[in-house]
Structure formats: structure tokens, C-alpha cells
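Subject: Structure handover

Hello,

Here is the structure you asked to take over. My notes follow below it.

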Amino acid sequence: MDVILFLAFAAFAVVCGINVVLQSHPISSALSLIGVMGSLAVLYLLLGAEFIAAAQLIVYAGAIMVLFLFVIMLLNAGSEAKRGRSLLVQFMGVPVMVSLLGLLSYFVLRLFPAAPPVRFGNFRGGSPRSFGEVLFTQYLLPFEVTSVLILIAIIGAVVLARKEID
Amino acid sequence: MEFFIISLIKAGIVAFVLLTTLAYLQWVERKVIAHIQLRMGPSRVGPHGLLQPLADVIKLITKEDLLPPHVNKFFYLLAPFLAVTMALLSISVIPFGPEIEVFGYNTWMQLTDLNIGVLFILAISSMGVYGVALAGWASNNKYALLGAMRSAAQMISYELPMALAIAAPLLLVNTLSLREIVEAQSGYAFGFLPHWTIFQAPFPQFFSFIIFLIAGFAETNRIPFDLPEAENELVAGFHTEYSSMKFASFFMAEYANMITVASITVILFLGGWHPLAPGLAGDLIPPAIFALGGLVCLYHGLHPARGKDRYTLPVFGLIFLGVAAVLLIPALKAIVLPLFWFAAKTGALLFTFIWVRGTLPRFRYDQLMGFAWKFLFPVAILNLLVTGFMVALV
Amino acid sequence: MTGVPLSWYLVLSAILFALGVAGFLFRRNIITLFMSIELMLNAVNLSFVSFSYQWAQVNGHIFTFFVMVVAAAEAAVGLAIILTVFKNRQTLNVDDVNSMKY
């Protein structure tokens with residue numbers, strides 16, 4: 001059951017990922033990216049990370065991607081015009097990437113020490129309670145620093161996107 | 001194995017009840033708004049217009065299903081699907097009652113209990129924004145795009161005060177699972193005051209309730225926040241180019257969102273399926289209400305104001321008395337009474353939604369957004385701070 | 001019922017990261033570049049969570065949380081910059097923003 005779920009959602013994630021790169025209209029890329037994030041949320045659930053799965057849907061897929069969608073619709077970005085690519089890139093691009101990927105995968109599968117297989121429900125430490133216990137005690141300083149970071153980002157975004165008062 | 005069968009049966013029951021409630025919620029809304037405006041509402045199709053939702057469904061199904069040539073086909077067809085899916089998905093974690101025993105099987109009156117139930121609801125409502133935004137963009141129509149952008153911006157702006165208003169009672173109940181939130185509100189203080197979050201020491205969550213309700217009005221695009229789909233401003237907002245079943249999907253999604261917001265309010269603030277008074281008094285209130293309603297109907301049925309009520313009012317009276325009798329059966333009490341309390345509280349909130357729709361004018365868009373960011377968000381933060389202080393210091 | 005070997009999750013993360021890099025290098029639309037960066041960040045998040053499962057600790061989740069927060073801040077500021085660039089250059093093609101090139 002775990003294998004079926006993993007394969008289904010991993011395949012969906014890879015197909016959506018390829019779609020993000022290949023689609024010419026930014027909105028199709030954005031929707032494919034939302035598909036990737038959704039399937040990754042399911043994979044996080046399989047790995048026992050329930051809080052992170054919910055945060056992924058709320059923050060990433062529900063807020064950041066909406067922001068992307070807004071900007072695309074606001075700028076009325078049309079389909080990207082195809083510029084000419086050199087012959088080398090056209091013929092060697094995909095095979096080089098696939099071989100790089102194969103090399104990476106080989107090293108990962110070969111050198112990675114044997115780990116217990118991932119079963120849904122094996123890892124119980126991803127609940128909001130255990131997450132909060134570590135976040136607010138051991139990682140309190142990074143937490144406070146990231147809140148200042150978000151404040152700076154808000155101020156920066158508001159200043160940059162403001163209409164000039166002439 | 002039997003777990004799957006029981007879950008399937010529960011899912012079927014919930015789906016059936018939900019879809020019927022959606023249809024009749026529309027009937028209730030039209031009748032209530034009509035009576036607020038001193039007219040009668042649907043009264044021709046069936047007694048008191050009760051078959052009007054059926055007529056509407058038949059009309060919507062048999063209408064011509066247009067696919068305008070100028071729309072972006074994939075997103076045009078995806079948008080209502082997303083809207084309806086997200087709206088109906090959030091019903092799956094709502095607890096309708098306690099653990100019951102049916103034909104020897106122990107099961108909870110809830111489809112599934114996640115220990116991140118509240119976060120799940122928030123996540124699904126964040127994803128519901130996409131149905132609206134995509135519908136407007138795919139329609140290739142400037143009114144639809146404007147309406148969709150306004151609606152999406154409104155929905156994500158009001159998600160913030162909503163999340164903060166949800167966080168405040170969570171400080172009191174210490175859990176994110178919806179079932180445990182309801183269980184933490186059992187019991188009665190001083191013997192008669194229910195232990196609901198809205199009355200709970202150390203800090204009664206009255207302000208959170210108000211903030212959540214206001215944010216809920218805005219999330220579901222109801223008056224006074226319904227400028228994005230106002231008929232006299234924007235043709236029909238983001239569903240201008242939709243007809244027949246796809247339009248019905250958006251309609252269903254709006255009412256399902258309304259039911260979800262009302263249910264979550266009841267669970268977080270009003271004690272879920274717990275009765276109003278302890279012990280026997282609480283068990284006798286529902287049959288008393290129905291019996292009273294039945295007797296009133298029968299009395300008015302003897303001297304009806306309108307001729308056709310001579311036949312309908314006695315029938316309603318007898319139906320209410322029958323329901324009161326069913327509520328008194330001790331064998332069914334454990335199943336039916338919590339359902340009654342949950343339905344009564346949710347129904348009262350839905351009536352408030354409809355009441356507000358019939359009474360208030362709508363906000364202008366800049367007033368709406370200013371209200372969210374400049375008033376409701378700081379008040380929600382302040383409320384969370386005060387709740388945190390009271391919980392930590394008391 | 002057997003489980004899924006953890007290395008499969010890491011291979012998936014590598015695939016998504018490689019796709020993100022490919023999108024970043026080959027696409028010319030600024031917004032699509034940005035989305036490729038988000039894809040790379042998501043792939044890294046999956047790696048973090050997988051390793052957190054392996055060591056049965058929650059610290060990996062904390063890192064993922066911080067990556068998400070930083071990605072949100074970066075998306076906000078980056079999109080504001082894109083809006084400003086569009087206002088001044090009227091183009092979303094990253095090759096056309098080259099007035100400071102040699």
C-alpha cells in the first residue's frame with residue numbers, strides 16, 4: 001500500500017515537474033507547480049511529517065502560489081516566445097541531463113547506508129506537539145530571527161510595489 | 001476490512017445528507033429573505049415551495065451546457081471541479097457526535113479524525129481560492145477576471161484574522177484534533193453553565209467568536225462582503241461565463257463553504273454536539289421544542305389564515321409531533337440527540353448568515369480590504385495576546 | 001506489507017532538483033525562472049524530511065519549516081522586484097534586461 005501510494009504520487013510529482021519546465025504559458029507552469037506541491041504534501045504524510053504537510057498546503061500551495069498567480073494575471077504574461085537555440089543545446093540538452101541524473105541516482109543508491117524502509121505510521125514524532133516543543137525551546141532564536149526576516153520582506157515588498165506619488 | 005465498509009457507509013450517509021441540506025438550505029434562504037422583505041418567497045412548487053429545490057436541480061441539469069469558444073478550455077473545466085472538491089472535502093473531518101454503537105459496531109460519528117484537523121480545514125480553505133481565481137481567468141472576460149481577482153484577494157486577506165481567531169481557543173483546549181476539541185468542552189461549570197469555549201475560564205472566547213464569524217462571512221463571499229459576485233456591480237462576478245451544471249457547482253461550493261464555516265464555529269466555540277443543559281433537562285429540551293412546534297402548527301391548522309394551509313399545517317404539526325416522539329425513544333437517544341444539538345447550533349448560525357444577508361448593505365471593495373488589514377487583523381492579534389497572557393498567568 | 005526504501009525518496013528529490021535546475025537554466029521568462037527556484041526548494045524540503053525520518057528526529061522538519069518561511073519572504077520580495085522591472089522595461093524576458101552588460 002505504501003509502495004502504491006508512493007509511486008503514484010511520485011509519478012504525479014515528476015510529471016508535474018516536467019510540465020513546469022516545458023509549458024510555455026506561465027499559468028500552466030504555476031498550476032503544475034501546485035500539483036507538485038500537493039503530491040509532495042502527500043509524500044510528507046507518508047513520511048510521518050503531518051505538520052509539515054499541512055504547512056506546505058497552507059503556506060506554499062495556498063499563499064505563495066496564489067501570489068504567483070496574482071502577479072502572472074496582473075502582468076498579463078503571455079506565452080513565452082521561442083528563441084532559437086543552438087544545435088548543441090537542442091541535441092545534447094536532454095541526454096546530458098539524464099546522464100547527470102543517472103550518475104547522481106547511482107551514487108545515492110550505492111553509497112547510502114541501509115535504512116529502515118519507510119512505512120506510514122512508523123515515525124510518530126512529526127505531530128504539532130513535538131514540532132512545537134523543539135521549535136520553541138531549541139530553535140527559539142532562529143524562529144525570532146525569521147519573524148524579523150518576514151517583517152523586512154513585507155516592508156520591502158510594500159515599498160517596491162507602491163505606486164509613485166507624483 | 002469492516003472498517004472500510006463502515007467508513008463507506010458513513011461517507012455515503014454524510015454525502016447524501018449534505019447534498020440534501022445544500023438544496024434545502026437554498027430554500028430556507030429564499031424563504032427567510034423573502035419574509036424579511038415582507039413577501040412570501042417560493043410558494044407555488046409544492047406546499048410552501050418545498051419542491052422548489054427539486055425544480056431548480058431539474059432546471060440546472062437540463063439547461064444547455066455551453067462551452068464558449070473564447071475560453072481556455074482546460075482551466076474553464078478545472079475551476080468548478082476544484083471549487084466543489086475543496087468545499088466538500090472539509091466536511092470529512094467534522095465530528096457530528098460521540099462514539100455510538102450500531103448493530104454491535106463501535107464507531108464515531110465522524111468520517112475521519114486527523115490529529116491536525118484544524119490545520120486540514122485551513123489548508124482546504126486556502127486551496128479553495130484557486131477555484132475562484134482560475135474561473136475568472138479562464139473565462140477570458142474582463143468582468144469575470146475583475147470579480148475573480150477581487151474575490152481571491154478578499155479570501156486570502158481574511159484567512160489571516162480567521163487563522164488567528166482559530167488559534168485563540170486552541171490555547172484553551174490544547175489540541176488540534178476536532179474530536180478532542182469537542183470533548184474538551186464537555187461538562188458544566190457552576191452546575192448549569194456549559195463548558196463551551198465561548199464561556200470558558202480563564203478567558204471567554206467571545207471576541208474570537210465574533211472575529212471568526214466576520215472572517216467566515218468574508219471567506220464565503222456572503223453579504224456584507226459579497227462585492228465580487230454582486231449582480232449589480234459586476235454582471236455575475238467570476239461565474240459570468242458558466243451555465244447549467246458548472247454554475248450549479250459554484251453554487252454548491254458556496255453553500256458547502258457556508259455549512260463548513262458554521263460547523264467549525266460550532267465545534268470551536270459553541271461546544272459541538274454537547275447539550276445546552278446537563279442531565280435530564282438537556283435530554284428533554286429537543287422533544288419539548290418539537291412538540292411545541294407541532295402543537296402550534298395543529299392549532300393554526302384549525303383556523304388557517306390561507307385556504308390551502310388547511311391541509312398542509314396539520315400535516316406539518318403531525319410530522320413535528322412524530323419527530324418529538326422519536327427523540328424520546330431511549331434506544332435512539334445516544335445517536336439522535338447529539339445530532340440534534342449539532343444541527344440546531346449549526347442551523348442557528350446559518351440562520352444568522354441568512355439574516356445578515358437580508359439586512360445589511362454590502363461593503364465597497366476598498367472598505368472591505370481596509371477593514372481586514374487595518375482593523376480585524378490587529379484585533380485578532382490583540383485577542384490572541386490577551387488569551388495567551390490569561391492562559392499563562394492564571 | 002513492505003515499506004518504501006528511503007533512497008527512493010532521495011532519488012525523487014534529486015529528480016525534482018534537476019528539473020528545477022533545468023528550468024532555471026533554459027527558460028527565459030522571469031516568472032518561470034522563479035517557479036523553478038521554488039521547485040528546487042521543494043525538492044530540498046523533501047530531502048530534509050526524508051533524513052528526518054531516517055534519524056527519527058523532528059529537527060529535519062524544523063529546517064523544512066524555515067526553508068518554507070524563507071521561500072515565502074523571497075517570493076514576496078522577488079515578485080515585487082519583477083513588478084518593478086516590468087514597469088520600467090515592459091518585458092518579462094530576462095535576456096532583455098541587459099543594459100548593464102558589456
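How far apart do the closest C-alpha atoms of chain B and chain C lie? They lie 15 Å apart, and no contact joins the two chains. Please keep in mind that this is a predicted model. Two pairs of chains touch, and the pair with the most contacts is A and C. The rest of this message is about chain B.

Overall form of chain B

Chain B is built from 13 helices and four strands. Its C-alpha trace spans about 65 × 60 × 50 Å along the principal axes. The radius of gyration is 22 Å, which agrees with a compact globule, because 394 residues packed that way would give a value near 21 Å. Of those 394 residues, 49% are buried. Among contacts in chain B with a separation of 6 or more, 78% are between residues 24 or more positions apart. The chain exposes about 18800 Å², and 74% of that area is supplied by carbon and sulfur atoms.

The cavity

One cavity of 30 Å³ or more is present in the structure. The volume of the largest cavity is about 400 Å³. Its lining consists of 28 residues, and those nearest the centre are B:M155, B:E219, B:T220, B:A253 and B:N257. In chain B, the elements that contribute two or more residues to this lining are α3 (73–89), α4 (117–138), α5 (142–173), α7 (206–219) and α9 (244–269). The largest share is that of α9(B), with eight residues. By residue class, the lining has 17 nonpolar, eight polar and three charged residues.

Apart from neighbours within four places in sequence, B:S263 is in contact with B:I94, B:F342 and B:T346.

B:K10 sits in helix α1 of chain B. With 18% relative accessibility, B:K10 also falls under the 20% cut-off and therefore counts as buried. Setting aside residues up to four places away in sequence, B:K10 touches B:T107, B:W108, B:Q110 and B:L111. B:M109 is 99 residues from B:K10 along the chain, and the C-alpha atoms of the two are separated by 8.1 Å.

Two positive phi angles

Which loop holds B:L38? B:L38 is in the loop between α1 (2–36) and α2 (52–62) of chain B. This residue is not a glycine, yet its phi is positive, at about 60°. B:L38 has 79% relative accessibility and so counts as exposed, for which the cut-off is over 50%.

B:N174 is the other case to look at. It lies in the loop between α5 and α6 (178–183) of chain B, and α5 is one of the elements that give two or more residues to the cavity lining. B:N174 has a positive phi of about 65° and is not a glycine either. Its relative accessible area is 56%, so B:N174 is exposed by the cut-off of over 50%.

Regards

Definitions and conventions
Residues numbered from 1 in each chain as written. Chains lettered and ligands numbered in written order. Predicted model: local features only at pLDDT ≥ 70, side-chain atom pairs only at ≥ 80, totals over all residues. Heavy atoms only, no water. 1 Å grid on protein atoms, 1.4 Å probe; cavity = no way out; pocket = protein on both sides within 12 Å on 5 of 7 lines; lining within 4 Å. Points joined across faces, edges and corners; volume = space filled by probe spheres on them. Nonpolar A, V, L, I, M, F, W, Y, C, P; charged D, E, K, R; others polar. Rg over C-alpha atoms; globule rule 2.2 N^0.38 Å. Buried < 20%, exposed > 50% of the residue type's maximum accessible area, 1.4 Å probe, protein only. Contact = heavy atoms within 4.5 Å. Areas by Shrake-Rupley, 256 points an atom, 1.4 Å probe, with all protein chains shown as cover.
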